[in-house]
6 protein chains.
Amino acid sequence: MTSLRPSGRAPEQMRAVTLQRGYTRHAEGSVLVSFGETRVLCTATVEAKVPAFLRGKGEGWVTAEYGMLPRATHTRSEREAARGKQGGRTLEIQRLIGRSLRACVDRAALGERTITLDCDVLQADGGTRTAAITGAYVALVDAVTALHKAGELKRDPILGAVAAVSVGIYRGVPVLDLDYAEDSDCDTDMNVVMNDGGGFIELQGTAEGHAFRRNELDALLTLAEQGCHALFAAQRAALAE
Amino acid sequence: MTSLRPSGRAPEQMRAVTLQRGYTRHAEGSVLVSFGETRVLCTATVEAKVPAFLRGKGEGWVTAEYGMLPRATHTRSEREAARGKQGGRTLEIQRLIGRSLRACVDRAALGERTITLDCDVLQADGGTRTAAITGAYVALVDAVTALHKAGELKRDPILGAVAAVSVGIYRGVPVLDLDYAEDSDCDTDMNVVMNDGGGFIELQGTAEGHAFRRNELDALLTLAEQGCHALFAAQRAALAE
Amino acid sequence: MTSLRPSGRAPEQMRAVTLQRGYTRHAEGSVLVSFGETRVLCTATVEAKVPAFLRGKGEGWVTAEYGMLPRATHTRSEREAARGKQGGRTLEIQRLIGRSLRACVDRAALGERTITLDCDVLQADGGTRTAAITGAYVALVDAVTALHKAGELKRDPILGAVAAVSVGIYRGVPVLDLDYAEDSDCDTDMNVVMNDGGGFIELQGTAEGHAFRRNELDALLTLAEQGCHALFAAQRAALAE
Amino acid sequence: MTSLRPSGRAPEQMRAVTLQRGYTRHAEGSVLVSFGETRVLCTATVEAKVPAFLRGKGEGWVTAEYGMLPRATHTRSEREAARGKQGGRTLEIQRLIGRSLRACVDRAALGERTITLDCDVLQADGGTRTAAITGAYVALVDAVTALHKAGELKRDPILGAVAAVSVGIYRGVPVLDLDYAEDSDCDTDMNVVMNDGGGFIELQGTAEGHAFRRNELDALLTLAEQGCHALFAAQRAALAE
Amino acid sequence: MTSLRPSGRAPEQMRAVTLQRGYTRHAEGSVLVSFGETRVLCTATVEAKVPAFLRGKGEGWVTAEYGMLPRATHTRSEREAARGKQGGRTLEIQRLIGRSLRACVDRAALGERTITLDCDVLQADGGTRTAAITGAYVALVDAVTALHKAGELKRDPILGAVAAVSVGIYRGVPVLDLDYAEDSDCDTDMNVVMNDGGGFIELQGTAEGHAFRRNELDALLTLAEQGCHALFAAQRAALAE
Amino acid sequence: MTSLRPSGRAPEQMRAVTLQRGYTRHAEGSVLVSFGETRVLCTATVEAKVPAFLRGKGEGWVTAEYGMLPRATHTRSEREAARGKQGGRTLEIQRLIGRSLRACVDRAALGERTITLDCDVLQADGGTRTAAITGAYVALVDAVTALHKAGELKRDPILGAVAAVSVGIYRGVPVLDLDYAEDSDCDTDMNVVMNDGGGFIELQGTAEGHAFRRNELDALLTLAEQGCHALFAAQRAALAE
């Protein structure tokens, strides 16, 4: 079975995960997250303003932007700033990151502030959006902690942890945490965002090859639960440093 | 229980579905699909060309574009053509429609042709993307049939039917086919795309309020299977006319 | 003579005109107008705001936007939202519609409100801009009537009716209400916007082939007057329903 | 009567018209046209290529672009290049200029070449589009003459002269060649493009205040014919220098 | 040595410089500057507003925009308004002009006003940016003088004169004020902006061919000092008229 | 004197410079360059194509793109991809980087290939463009070495080394390698690009406060020569590893 995956990993084996806090110095939270060779810089910026639709409501906002350096990938992709717009994939991913992180924040407790999570992929090897969500949570906590230390919060706006992992059916076998070689050659690919209470926040599954059945879905969800369990542990360890 | 839903529907009850073929005259396929008050015009256009990445490979392409008339909604939304770009939601939906329809087409059998599915929402009341997928399938079949009658195809490129429905947890109860009143006030919202062989093509679930549990997910998937089953019957009936 | 026009119409014969009110449900006015096979959905939206240059002047504004669904035409045209901008033809037409409708509104009586007329072509067969103006007038009246019933107006801001029709010289003969087959093959094409007091609001004539003479112009204007006369009757009948 | 118009002109009196050839040195034709204080630089550029839709048909193309320097007007208007797009008015005018000039060119005789007429307003005082058409014709002739001298043409592609003038109803009186003071305060404004055979090429009339009647239209057209007659003489004189 | 330069000029010889004030009538300052065949229209617009970052600080702003008419050059360049954005060269030049002119203005003395310098190239033959800076200074002085005469200034905001010239190494020889023939074929090209106190405001040197040495740089700077000296005299003469 | 600079550095003292090769894995060259707290990721991509203006000439091309992560700075700057265009500062810098690197490449020896240098600022503390040029040179050499090892080059296209440093007059004293605290508060700021033969490639000096004199310029250039000398040593050391 170990020979199934190009990387030699067992089906239920994640890549090495690291969460390096304080990677850059200006942001209120700055985390370099690695899922194997995938490396994403997640920064959290706190600003004392909210979007127009929230003004005067006493609530905060959490949003995300996603980018990929042109040569994060095997072949160079065009710089979106040069092309003059963000592509559909970018918008889809940053909307997902934003929704996922909002799910763990009590926006009333945050007050009229916006936290922007910038997730920029320095090196891509599959799973950039799940790494981004997992790392952005740690950056978010650091930014909120800074607010708290500055006496700007009455209560903790963090409702719980959020993490994400991909699962998929590769050559007929459900596997956890797809890398690029698997992702570009699998039948089904699913991104799962969970909270540390065991609930699902987002589920996005796509049959790239044949359609998947209920029992396959069940196997994938079980793997994803295991993966997120490990990610919550990694987040706690990083935040305890 | 009947009083739970604003529309008075039972939890497992879909809205009335109609599929009106030949709604406009120029397109190779043209279907007005209604899910209750949601009305989407789906046209299929066949062109003898493929995107650059497919040229010379003998394969065809299926893609989709989605739009919403400015006053399809309760309050007028800005026209994307005037704003100068398609929003993230639009791009996300049209990518979903395109992937879903490609899943039911044998692109080698289609030959070097592109079929573009334009899904334009005339009136919105929740579920526009699921209605669009369900209607676009019928328009696609009409366009392929026309090709077939013209002697341009050697074998049928349609691999099976595709339909989509939304499910969600509304006031604690799993319900089928959310309308706008439910969609804007539910805890969990999931769009499910299936084929008529009982397989899942896409699954996109979002916890708007509290995260959902495995058993809730199971109940939603069972509802979605029932809904798609009914939609396949409606598609067959429309195509038999 | 009846064999001159591709449609078999007499030179002074318009196509069948229908004005279907309440075509969609959210807009304050919503009219599907048909000039033969040309079908345009015209919605009127009322908003309690005015453009910056009118703020605080106690006057209202009337504006229009025009769009064409990609497959309203014989061959698919690119979606303007995807292309990232509205083309010159679109801007020219929507400016014309806006000017035409403003000509029948007492903007002081309207108060500080904007009425936006969205004219979206579902199916095109020539004359989309004249159908749009004729239908938008009915949608505008419905929107104003709704304001009136809500007690929001002190006096009626509608100064009179507005309608539009095209005329042209086709194979040497002046004809009324050109369809696509004629429009794409005529020498002169003129769009005439009139009010029901018999005055001209806009006149846009273009010699596509040879330049036209004063006597030809006179013949065209006489036809246009007849056509608008018939359109005012159709508008009155629709509004009386 | 002389006191009617702000400039003291008689109703049928045009402003002084000058056509200065060779105003800049690089273009194949370069004319500074003045209608009173309105000054437009019209250059004609010849390029050995045609748009995609004409390739291989042995025909040429004539097109126009229009611009206004930011401070050509009383108050500075935003630079369209900085704003990132050409406005509706600009597109409308440059489409009109292009159609008008194409009406006087035998495109088969031109061969597979494009002549681009750039009309840039250095100073505006009403009537920029009519001045542009009148001046662009002279620049076009100069460019065609240069081609002819170089032995690149078999026959003359110029079918006749084209000129344009505005007319309007100012304080109840039909007047010729409106300046800015009149244009911004008149009831009806019409731009008339004619050829020197006495035919009409374009007619664009707009009722800014009250709608105009057939007899008013007749008076305006008669004025326009007189104005164009004078412009053809000015063009001939300039080309004879 | 006189035969070295294509124009026959001596190495230290500038082209004829003219500064024609009041070239157009609407702007507060309007100067047509010529450096030989290079002609740039520089207008100064005064507006009673400042950019957001300066509001309420009691200071003014000076900024510039640069454009080139499409046929100012040997071959037609695409219109930036049509292309939808200003190119890098345009942005670079207008930023340079803005910085250079701000260097001679006491912004506190100007008060909360913005002066915009529009520099539009009517004809290009090398050195458009240096001509633009030199001419814009005169337009700026005219605009400030108008403010002063209107009693709107308490003290003179002009700190001194600003002028600019290019220098370069052409066929091994340092030369002053490069024209197009030299500019497109030289080894080193440097633009030098100075004030009339003998100080340097900007220095932008580029080695197009071989890198330049300290002694070459010294020779170029000496030439530039001579050139600016002559330009200050030309500015004073123009302003004395 | 050591107390003059906020960092405590001596006037002629550069910040610590590091050049980390192989920072990411996909690019042909990938260098993380640090000038103190300024950190820029420079990647070199080799592609077997050239821009249209070079096709068929047997020459290669070297170009650069520059970007700044939104939170590389003290306060978050808007993402250029989201804003829909690159700003003037970005375009100016990437044009400078491209010109500087082209100055050290024999493009005929490179053959019909393009090398793109992407310089993305992870953390900014002044001097990002000089760090980018210095680091991009090392990435370029690595990419060329890879081509050479693959037997794709007949001769070495690298003509010599290129490096850049900033100098400025801070509180009256000429200083080397300005950090952000100095850069935002200095009188004169100059970026100097040199080759290792002692020649100047680019010189861009701006007087932010008072204009600078010849003797100040001389002192700055001497400092810059010292700085570049040290940078060439650092490049050689990095490439020798």
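Across the interface of chain F and chain A, 25 residue pairs are in polar contact, both residues being at pLDDT 80 or more; a polar contact is a pair of N or O atoms within 3.5 Å, where within protein one must be able to donate a hydrogen and the other to accept it, and where residues adjacent in sequence count only if both atoms are side-chain atoms. On the side of chain F that touches chain A, β3 (38-47), β4 (61-68), α1 (80-83) and β5 (114-123) each supply at least two residues, helices (H or I, at least four residues) and strands (E, at least two) being DSSP runs numbered from the N terminus.

This is a predicted model, in which local features need pLDDT of at least 70 and side-chain atom pairs count only at pLDDT 80 or more, while totals for chains, interfaces and linings use all residues. Residues are numbered from 1 along each chain as its sequence is written, chains are lettered from A and ligands numbered from 1 in the order in which they are written, and side-chain values use heavy atoms, with hydrogens and water left out.

Between chain F and chain A there are also 14 salt bridges, each a side-chain nitrogen of Lys or Arg within 4 Å of a carboxyl oxygen of Asp or Glu; one of them joins Glu28(F) to Arg71(A), at 2.7 Å from N to O.

In chain B, helix α4 (residues 128-149) has 22 residues, and 18 of its 22 residues are buried, that is, under 20% relative accessible area (1.4 Å probe, protein chains only). Just after α4(B), Gly151(B) takes a positive phi of about 70°.

Note on methods: Expected span 1.5 Å × (residues − 1). Buried < 20%, exposed > 50% of the residue type's maximum accessible area, 1.4 Å probe, protein only.
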